[in-house]
Amino acid sequence: MAQYKGTMREAGRAMHLLKKREKQREQMEVLKQRIAEETILKSQVDKKFSAHYDAVEAELKSSTVGLVTLNDMKARQEALIRERERQLAKRQQLEEQRLQQERLREQEQRRERKRKISCLSFALDDLDDQADAAEARRAGNLGKNPDVDTSFLPDRDREEEENRLREELRQEWEAQREKVKDEEMEVTFSYWDGSGHRRTVRVRKGNTVQQFLKKALQGLRKDFLELRSAGVEQLMFIKEDLILPHYHTFYDFIIAKARGKSGPLFNFDVHDDVRLLSDATMEKDESHAGKVVLRSWYEKNKHIFPASRWEAYDPEKKWDKYTIR
């Protein structure tokens, strides 16, 4: 190899590249050798299998000339197959030993090449150590300044802690919500067929309006003939002049502090409706008993008070001030 002329740093860099290329060349040779061995082994196995059965068939034909019994023929065939398998196993073992010896020779040759490279005039390992130490010193100079505020920068540990706290708060809130939903309350209502028939029923705050109507219907059927054949889907629940959908839960109205046209939807304590007792026109900020009504009755009387004031519940619509007229 031609003598290299240049500075010590350039020489070290050149030798480093040389070692890298030599390592890549060795890896490529090992890969090529492995592919070649697998190809040869596969072809040999295919040939052995075909030769094996051809030899067994030939020996069986030569040893069964004339009349022989079926048992004798099977015994000879099995003996020939076992003998042939022993021969093939022995050949396979010899082939594996030969390949192992070749791999050992190749490893010894690679070690010899590495030894020769390490005996060059300048110490490559020392140069590599010096380069690593210089890089470590440069990296050490780039540390964080403890006096600088870095709270606005991404921080994995801080983000993991925030996510953990957020998950704990979510689970705590879920537990509190389920606890509130499981609480029982008494709902006072009137079955309305033109006049009020006051009843009460106990439900959980997590129950839907449909579940409430089903429970109320069970108690009303024995007193009102028209309800004995009616189903839950034929009933309506009106609270504060709003027709509440069957799929909403009482918890939905409580947590949202929902309000109707004539009072809050989240209170179920009962006060008399001033519109039915007197001619008072002043509004009271208090809840009134809800009304359970047959849908067929509403369709016939929706033009008459109080049904003329009822309208479908819209969560987007706000009733900041109550009206009683």
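This is a predicted model: local features need pLDDT of at least 70, side-chain atom pairs count only at pLDDT 80 or more; totals for chains, interfaces and linings use all residues.
## Overall architecture

The chain contains 8 helices and 6 strands. In sequence order these elements follow the pattern α-α-α-α-β-β-α-β-β-α-α-β-α-β. Of the 325 residues in the chain, 28% are buried. The chain exposes about 23,700 Å², and carbon and sulfur atoms supply 51% of that area.

Among contacts with a separation of 6 or more, 60% are accounted for by residues 24 or more positions apart.

## Helix 1 and the coiled-coil annotation

An unreviewed UniProt entry places the feature "coiled-coil region" at residues 14–41 and 70–116. In the model, residues 14–41 are 100% helix and 0% strand, with the end C-alpha atoms 41 Å apart.

Met28 is located in helix 1, which covers residues 8–63. Together with Leu31 and Ile35, Met28 makes a nonpolar surface patch of about 280 Å². Met28 counts as partly exposed because its relative accessibility is 45%, a value that lies between the 20% limit for buried and the 50% limit for exposed residues.

## Salt bridges

Side chains of opposite charge can pair when their charged atoms come close. The count of salt bridges in this model comes to 19. One of them joins the side chains of Glu22 and Arg113, with an N to O distance of 3.7 Å. Glu22 lies in helix 1 and Arg113 in helix 2 (residues 70–118), so this pair ties together parts that are 91 residues apart in sequence. Glu22 is buried at 15% relative accessibility, whereas Arg113 is partly exposed at 30%. A network of salt bridges links Glu22, Arg25 and Arg113.

Within helix 2, Glu95 and Arg98 are 3 residues apart, which means that about one helical turn separates them. Their side chains meet in a salt bridge of 2.3 Å, N to O. Glu95 is buried, with a relative accessible area of 16%, while Arg98 is partly exposed at 35%. A further salt bridge, at 3.2 Å (N to O), is formed by Glu299 and Lys302. Glu299 is partly exposed at 45% relative accessibility, and Lys302 is partly exposed at 41%.

Asn207 occupies the loop between strand 2 (196–204) and helix 5 (209–220). Its relative accessibility is 12%, so Asn207 counts as buried. The side chain of Asn207 forms a polar contact of 3.0 Å with the side chain of Gln211. Leaving aside neighbours within four places in sequence, Asn207 is in contact with His248, Thr249 and Phe250.

Note on methods: Residues are numbered from 1 along each chain as its sequence is written. Side-chain values use heavy atoms; hydrogens and water are left out. Patches are made of residues with over 30% relative accessible area and no salt bridge: like charges are joined within 9 Å, nonpolar side chains (Val, Leu, Ile, Met, Phe, Trp, Tyr) within 5 Å. Accessible areas come from the Shrake-Rupley method with a 1.4 Å probe; for residues, only the protein chains shown count as cover. A salt bridge is a side-chain nitrogen of Lys or Arg within 4 Å of a carboxyl oxygen of Asp or Glu. Helices (H or I, at least four residues) and strands (E, at least two) are DSSP runs, numbered from the N terminus. Buried means under 20% relative accessible area, exposed over 50%, partly exposed in between (1.4 Å probe, protein chains only). UniProt positions are given in the numbering used here, feature names are shortened, and annotations may be inferred rather than shown by experiment. A polar contact is a pair of N or O atoms within 3.5 Å; within protein, one must be able to donate a hydrogen and the other to accept it, and residues adjacent in sequence count only if both atoms are side-chain atoms. Contact means heavy atoms within 4.5 Å.
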